[in-house]
Amino acid sequence: MHTDREEPSLPSPRGPLSAAVRDHLRGTGPLPRPEATASVPAWGDDLQLALYQCYELHYRGFAGVAPELEWDPGLLRFRAALEERFLAALRAGTRVHDTVEDAVADLLVEPVDGTGVSHFLRDKGELWHLREYAAQRSLYHLKEADPHAWVLPRLWGRAKAGMAAVEFDEYGGGRADRVHARLFADLMTDLGLDATYGRYLDAASAETLATVNMMSLFGLHRSLRGALVGHFAAVEITSSPGSRRLAEAMRRTGAGPAAEHFYDEHVEADAVHEQVVRHEVIGGLLEEEPHLAPDVVFGIDATGHVEDLLAARLLTEWRAGRSSLRVPLEEDAVRESAAHTS
């Protein structure tokens, strides 16, 4: 049974770094030296899972792991080495616009012949595609808005007020039943998925881990507050049209009313959020700290880069008729979903 209070289980390792972090959290082994991070791919499963485990200590932690390890000095040193590798890969792989205005202008353009994940799901997606997409995205959506909340103490004036206004909506406007993470859990239930927090961590791809790790990286570092604002802008500006396509996909496949409602809610809310983020959050930040403009651009464009990597992974597998998940969804949930739509 789903409960919002459960701590997730530690994930299965995907290599020596993630195994070492897991062993350290369980008190059964030492951490590698920081230079060991240079021996694995920055975008690979092992480094991304090792970093995800470190970051998750700042959210709900893991079952059986002492809360005090959140600030363990050795783990923080090792995390810093993982972050250095990840941030360097982000900077090397991201093509950035010249100005904030150029970056935002491109976000506002909807291509006539779009070929992204939401287009695929709207036009061709089957129920199993939607279930896999929800399982992958659950790593973020079950803690939706939490990484962005870390930037609030690092802003002031218009930027802080605008950011707080959007976050208030993300957290349900004061109503627990309208918190977006709660709405996504209801979506998962409609799709016959287990909505327990962290349930699909072992199934999620490295590309999915990277999308969540990037938010945590930007959110946990004051020096990257401009990048976090850029990331937030990219998400909010592109959310409304993408959510409209996903809502259509949910309706076409008969996914269920809660599944439709989650994306319908984002179509309406994020159309308003877009204006607040552009004019108040970005505008307010750069009015106070104009030197952060390159960081805002980097945050916008890095978000596009990481989302493109995830889209390539999903679409390559789906177009070949294969699962995008590392661990297949359980057969009993598949039968439940089939019964739900019959």
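A145 sits in the loop that joins α6 (127-141) to α7 (146-149). Helices here are DSSP runs of H or I with at least four residues, strands are E runs of at least two, and both are numbered from the N terminus. The model is predicted, so local features need pLDDT of at least 70 and side-chain atom pairs count only at pLDDT 80 or more, while totals for chains, interfaces and linings use all residues. Residues are numbered from 1 along each chain as its sequence is written, and side-chain values use heavy atoms, with hydrogens and water left out.

A145 is not a glycine, yet its phi is positive, at about 80°. Most residues other than glycine have a negative phi. A145 counts as buried, with 1% relative accessibility. Buried means under 20% relative accessible area, exposed means over 50%, and partly exposed lies in between (1.4 Å probe, protein chains only).

The chain as a whole contains 14 helices and 0 strands. Its pattern along the sequence is α-α-α-α-α-α-α-α-α-α-α-α-α-α. The C-alpha trace spans about 55 × 50 × 40 Å along its principal axes.

Of the 342 residues, 54% are buried. Contacts (heavy atoms within 4.5 Å) with a separation of 6 or more are made, in 81% of cases, by residues 24 or more positions apart. The chain exposes about 14600 Å², and carbon and sulfur atoms supply 54% of that area. Areas come from the Shrake-Rupley method with a 1.4 Å probe; for residues, only the protein chains shown count as cover. The chain carries 35 positive and 54 negative charges, and their mean positions are 3 Å apart. Lys and Arg count as positive, Asp and Glu as negative; His and the chain ends are not counted. Each charge is placed at NZ of Lys, CZ of Arg, CG of Asp or CD of Glu.

Helix α4 (residues 100-107) has V100, A103, V104 and L107 buried. These residues lie on the same side of α4, because they cover an arc of only 95° around the axis. The arc is that of the directions from the helix axis to the C-beta atoms. An α-helix has 3.6 residues a turn, so residues three or four places apart point the same way.

Helix α13 (residues 293-319) contains G304. G304 is partly exposed, at 31% relative accessible area. Its C-alpha is 8.4 Å from that of T94, 210 residues away in sequence. W318 is also placed in α13. W318 is buried, at 3%. Residues up to four places away in sequence aside, W318 touches V117, F120, L121, W128, H129, E132, Y133 and S324. W318 and F120 are 198 residues apart along the chain, with 9.5 Å between their C-alpha atoms.

R252 belongs to helix α11. R252 is partly exposed, at 43%. Beyond residues up to four places away, R252 touches L121, R122, D123, K124 and G125. The C-alpha atoms of R252 and D123 are 9.1 Å apart, across 129 residues of sequence. R222 lies in the loop between α10 (206-220) and α11 (225-253). R222 is partly exposed, at 49%. R154 is 68 residues from R222 in sequence and 6.6 Å away in space, C-alpha to C-alpha.
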